[in-house]
Amino acid sequence: MNYYETGVERIKNIDANLYIGISKKRYEELRSRGEYEADANLIAEYYRRVGVFLQFITKEAASIYIGMDMLLGFKMEENEWDIFLETCPNFNEIDIMLMKLISIHYLRWCSLLDARDNIALQFPDIYEPMIKLFERGGGRINTHHHELVSGFGAFSRSIYANRGDMTPFDISDVALENIIKEVELAEGYLADYKNGNLSENNCIRCGNKLLILPNLSDYGYQWYKIKCETKDCFDKNFS
C-alpha cells in the first residue's frame, strides 16, 4: 500500500466508541493519570517535530489548527470535510473537531508523500505522534483561550520553532507503557503510605529507592512529591 492507503486504514481503524458521548465526562472517567502522562509525551513529540519542520521552512510559529500541507502553500478543497467523512465513516459521530482536522491534514500529508513532494519526504513521520494518540484513545483534545487542553494539562495553542531544539521524546509502545506503569506504581505506593504501610518501593527506571515527601500548601491542602533518589529521574506531584 502507498502512504495514503496506509493512512486511511489507520484512521478507519480508530475506535470511534472511545470518543462518542464523552464530551460531558470528566477526564478521570476516561483515562488514568498514567495514560494522560503518556498522552502528553505524544503531544510534546508532535510539537517538537513541527518545531523542526518550522525551522526548516524558516517560519517562527504555526497554530495547532494549521496543517503542514497548508504551510507549504496547499489549499483545502471546499468539500474536504465531506470527502474525509465518506472515506472514514467511523469519524461521523466523533464531535472532536480538532481531532478530525488533524486527521484530514495527516491524510493530505500522506498524499504529498505519494506525490514525492521534496519537503514532505524529509518529514514523513511528522504526524505519527498525533495519530498514535488517537489510536490509543487519547484524542480528546480541544483549545481553550490560547491553550491546547486535555487531562494531560495544557500546551500552547501555537507551536513555536524553538520546540525543534528539544530532545526527542520516546513514543515507542514500550516507552509509553512504562510511563503508565511508573505512575501506577507511584499511585499505589502513595495509597499504601496513606494507609500506614511504610514499606519501600523502587523506581522502574533505575531501580533506586522512591521517596515520598509530604507537603502542605499555604491553604492547608495536603499533597505529596514522589521522587527517585537518582537525580533527574522520576519526580511527580500527587494529591
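The legends below describe close-up views of a predicted model.

**View 1. Three strands, S2, S3 and S4, form an open sheet.**
The order of the strands across the sheet is S2-S3-S4, and their pairing is antiparallel. Strand S2 covers residues 142-144 and strand S4 covers residues 153-156. Each of these two strands has a single partner, so S2 and S4 stand at the edges, with one side of each left without a neighbour in the sheet. On average, neighbouring strands of this sheet are turned by 40° against each other, direction ignored.

**View 2. Strand S3 pairs with strand S4.**
Strand S3 consists of residues 147-150. Four bridges join S3 and S4, and the sense of the pairing is antiparallel. Leu148 has its bridge partner in S4, namely Phe155. Helix H3, made of residues 33-56, packs on the sheet. This helix touches S3 and S4, and its direction makes about 5° with that of S4.

**View 3. His145 sits in the loop between S2 and S3.**
The phi of His145 is positive, at about 55°, although this residue is not a glycine. Most residues other than glycine have a negative phi. His145 has a relative accessibility of 58%. A residue counts as exposed when this value is over 50%, so His145 is exposed.

**View 4. Arg116 sits in the loop between helix H6 and helix H7.**
Helix H6 spans residues 97-114, and helix H7 spans residues 128-135. Arg116 is not a glycine, yet its phi is positive, at about 60°. Is Arg116 buried or exposed? Arg116 is exposed, because its relative accessible area is 53% and the cut-off for exposed is over 50%.

**View 5. Leu190 is a buried residue in helix H8.**
Helix H8 runs over residues 173-194. The relative accessible area of Leu190 is 4%. Buried means under 20%, so Leu190 counts as buried. Which residues is Leu190 in contact with, leaving aside its neighbours within four places in sequence? They are Ile212, Tyr224, Ile226, Phe238 and Ser239. Tyr224, one of these contacts, is 34 residues from Leu190 along the chain. The C-alpha atoms of Leu190 and Tyr224 are separated by 8.3 Å.

Note on methods: Residues are numbered from 1 along each chain as its sequence is written. This is a predicted model: local features need pLDDT of at least 70, side-chain atom pairs count only at pLDDT 80 or more; totals for chains, interfaces and linings use all residues. Side-chain values use heavy atoms; hydrogens and water are left out. Two strands pair if DSSP finds at least two bridges between them. Axes are lines fitted to C-alpha atoms, for helices over the stretch in contact, and angles run from 0 to 180 degrees between N-to-C directions. Contact means heavy atoms within 4.5 Å. Buried means under 20% relative accessible area, exposed over 50%, partly exposed in between (1.4 Å probe, protein chains only).
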